Amino acid sequence: MNSHKLATASVIAIAAATFANTAQAEELTLCWAAWDPANALVELSKEFEAESGHSMSFEFVPWPNFADRMLNELNSGGQLCDLLIGDSQWIGGGAENGHYVKLNDFFDTAGISMDDFADATVYAYSTWPKGTPNYYALPAMGDANGWFYRKDWFEREDIRAAFMEQTGRELAEPASQLELLEIAQFFQGREIDGNTVYGAAIFTERGSEGITMGVTGALYPWGFKYENTPGSYDMEGAVNSPEAVEALEFYKEFYQTATPPGYTNAYMGESLDAFKSGQVAMAMNWFAFFPGLYADPGVGGDKIDFFVNPPQNNAGSTLGGQGISVVSYSDKQDAALEYIAWFAQPEVQAKWWGLGGYSAHNSVLNDPGFEASAPFAGDFLVAMQDVKDFWQEPVYAELLLSMQKRMHDYVVADQGTAQEALDLLIQDWTEVFEDEGKL
């Protein structure tokens, strides 16, 4: 750690200590989704409680209900949450609707520099308007959609020989989206150890965000863009480009020819279940789950390996992850800011990574030992270099509902063509932006 980092860390520590000395002991409630990283944060936060004198309680909501529950809480001005680790897409609404405390002055006072966090995470989790130095969150949990696979199956000589005979190439981690599909189709319906297995578990869920997060895993590598010119909402020729049509057709073929039967409404949990139960050779899911998968006694350890979402025309991964914000309706904002100052410290960020959280702090990510610290650490660094996110507009929920419907209707319900689905999506989104006065 260089002297600048040491100086920054000491400034943050002094600021945190100052807050602790002047503020009365509070009970803070931190709201997030219910998943493995949240459990890691509970463990990490015990250190904050010991140092600050504050106590922490947690409100964790299962992912399928997380957005509805928390956005309703914010929109009603509720005081349940003092701190909220909110999804990246919420940052626009959190800022423009006054749900989140703007953190610039606090960052200046506490000596917290956004330059100390990975650029992609600052842009995606903290800024509104996008790319401006207006911060409404501290990057808390870096994440992207990636892949894992049955390494033990990929290494079996009988399977390798069959793959070579069928495809003329060695069975290995895919170097493109098309290779990914070829591998999945190879495993589809294959018998391994007396069991019929399938190619891959992908996202098809309609109710929240699942199929959008899955489909964009193909759209982004093909070159999909939301706008021709960022900030202009000129979607014609971008959202429905020939490359986007091809990518959407690809995702439908993947669903129809290389996934387990009945996976018409699958998201995170179903993907994990399919893999852990030995049904599939590969699965897509968020890096957040990779520590737990590696530790799984049934399919982890030597049986599993990981890869970044493969490129096609270019590299591209669907962004996950979240920033941590102070809720403006909280009457415990000073203590909540104290938590942010504590969490931002490099040594705390290092412990966060060690417990299974995905730090976005450069001191962690640039550490010479980081890539060797976990079998998926190097892949995480690569993925975060080329992440893309869904609209972060205040009306993101309406935009997402439209995409969920159009993608599910085409991919799963087999309605219409890919071109029609994307054309209709532009119509839907145009109406939303016209209502907002942005078109």
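1. Ground rules. Residues are numbered from 1 along each chain as its sequence is written, side-chain values use heavy atoms, and hydrogens and water are left out. Because the model is predicted, local features need pLDDT of at least 70 and side-chain atom pairs count only at pLDDT 80 or more, while totals for chains, interfaces and linings use all residues.

2. The largest pocket. A pocket here is an open set of points on a 1 Å grid over the protein atoms alone, where a 1.4 Å probe fits, with protein on both sides within 12 Å along at least five of seven lines. Its volume is the space filled by probe spheres set on the points, which are joined across faces, edges and corners. The largest pocket has a volume of about 720 Å³.

3. Its lining. Lining residues have an atom within 4 Å of a point. The largest pocket has 27 of them. Tyr 123, Lys 130, Tyr 226, Glu 227 and Asp 389 lie nearest its centre. By type, the lining divides into 14 nonpolar, 6 polar and 7 charged residues. Nonpolar covers Ala, Val, Leu, Ile, Met, Phe, Trp, Tyr, Cys and Pro; charged covers Asp, Glu, Lys and Arg; the others, Gly among them, are polar.

4. Where it sits. Helix H6 (119-125) and strand S13 (387-388) each supply at least two lining residues to the largest pocket. H6 gives the most, with 3 residues. Helices (H or I, at least four residues) and strands (E, at least two) are DSSP runs, numbered from the N terminus. The largest pocket lies between domain 1 (26-143 + 320-388) and domain 2 (145-318 + 395-435), because both give residues to its lining. The domain bounds come from an automatic or database domain assignment.

5. The second largest pocket. Its volume is about 520 Å³. The lining has 31 residues, with Ala 67, Asp 68, Leu 71, Tyr 396 and Ala 397 nearest the centre. Helices H3 (63-75), H4 (91-96) and H18 (396-411) each give two or more residues to this lining. H3 gives the most, with 9. The lining splits into 16 nonpolar, 10 polar and 5 charged residues. Domains 1 and 2 both contribute to it, so the second largest pocket also lies between them.

6. The structure holds 14 salt bridges, each a side-chain nitrogen of Lys or Arg within 4 Å of a carboxyl oxygen of Asp or Glu. Glu 43 pairs with Lys 46, with the closest N and O atoms 3.1 Å apart. The two are 3 residues apart in helix H2 (residues 36-52), so about one helical turn separates them. Glu 43 is partly exposed at 43% relative accessibility, and Lys 46 is partly exposed at 46%. Buried means under 20% relative accessible area, exposed over 50%, and partly exposed in between (1.4 Å probe, protein chains only).

7. A pair across two loops. Asp 193 forms a salt bridge with Arg 156, at 3.0 Å between the closest N and O atoms. Asp 193 lies in the loop between strands S6 (191-192) and S7 (195-196), and Arg 156 in the loop between helices H7 (151-154) and H8 (157-167), so the pair ties together parts 37 residues apart in sequence. Asp 193 is exposed at 59%; Arg 156 is partly exposed at 25%. Arg 156, Asp 158 and Asp 193 are linked in a network of salt bridges.
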